Each structure stands twice: as structure tokens, then as C-alpha cells.
Amino acid sequence: MAVVTVIKINAITVPKDSGDELAHRFAKRAGAVDGQEGFEGFELLKPTDDREQWLVVTRWRDEESFQAWLSSPAFGHGHRSESERAGGEAPKPVSTHSEVWGYEVADLTRD
């Protein structure tokens, strides 16, 4: 059986003046998903042109690993701010829209 890496991309629309804040928030929770079973990697990609979409790219061993993370307490905990975890208010969102895309690495060795 071939090894399949599942890639999930969260395309987040962020107004130009909020990109630094988005990066700051991700930096504060860096490594939060590292220990999740099946997790293989993470990248936050910022646009280098006029786009307002930042891409959160994660790699997973399989779809089941990704789904297990989504339903885990670690997912909810990691997506709350420091203020919320301390019992305070949630900060104002920096994004105006997001959508998750799913991909897998194409097998180029097939005939």
C-alpha cells in the first residue's frame, strides 16, 4: 500500500492591515499541533502580491488523523486565544473569510 500524505489548506482572507496580527497569533500557538498523531508539518504562507489570502498548510499521514485532530480537545484549545484560555474575552477576528481545501500528493509513478 502506498503512503498517502493528506494536505489541508486553510485559505484565510485577511485585510492588508491585519496580516501582521494574524502571523502574531499563529506564532503564539506555534507547535500546538506538533504532537498530534499523524501530523507531519505546518506552514503559514503570506502573500507576496496583492492577494489578501494567507494559506495555512498542514500535512497529515491520512484523512483519519486530520479528522481526529479536528474533533480533539487540542483543536479547540489551540484555536482559543490566550485571553480566552484565561477566562477573558475573545479578540476581534482578523480574517473576513476562510475555507479549507483538501489535497493529496499525486502519484506520478503510475502508468
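Which side chain does a polar contact of 3.4 Å join to that of T13?

**View 1. T13 and its polar contact.** The side chain of T13 is joined to that of Q53 by a polar contact of 3.4 Å. A polar contact is a pair of N or O atoms within 3.5 Å; within protein, one must be able to donate a hydrogen and the other to accept it, and residues adjacent in sequence count only if both atoms are side-chain atoms. This is a predicted model: local features need pLDDT of at least 70, side-chain atom pairs count only at pLDDT 80 or more, and totals for chains, interfaces and linings use all residues. Residues are numbered from 1 along each chain as its sequence is written, and side-chain values use heavy atoms, with hydrogens and water left out. T13 lies in strand β1. T13 counts as buried because its relative accessibility is 14%. Buried means under 20% relative accessible area, exposed over 50%, partly exposed in between (1.4 Å probe, protein chains only). Leaving aside residues up to four places away in sequence, T13 touches E52, Q53, S95, T96 and H97. Contact means heavy atoms within 4.5 Å.

**View 2. The open sheet.** Four strands run in the order β2-β3-β1-β4, with antiparallel pairing. Strands are DSSP runs of E, at least two residues; helices are runs of H or I, at least four; both are numbered from the N terminus. Two strands pair if DSSP finds at least two bridges between them. β2 (39-45) and β4 (97-104) are the edge strands, each with a single partner, so one side of each has no neighbour in the sheet. β1 (residues 6-13) and β4 pair over eight bridges. I9 has W101 in β4 as its bridge partner.

**View 3. The largest nonpolar core.** Seven residues form this core: I12, V14, L22, F26, W54, V56 and V94. A nonpolar core is a set of buried Ala, Val, Leu, Ile, Met, Phe, Trp, Tyr and Cys residues joined through side-chain atoms within 4.5 Å. Two elements, α1 (19-28) and β3 (53-60), each give two or more residues to this core. Not counting residues up to four places away in sequence, V94 touches V14, P15, S18, E21, L22 and R25.

**View 4. Helix α2.** Which residues of α2 (residues 63-70) are buried? They are S65, F66 and W69. These residues sit on the same side of α2, because they cover an arc of only 100 degrees around the axis. The arc is that of the directions from the helix axis to the C-beta atoms.
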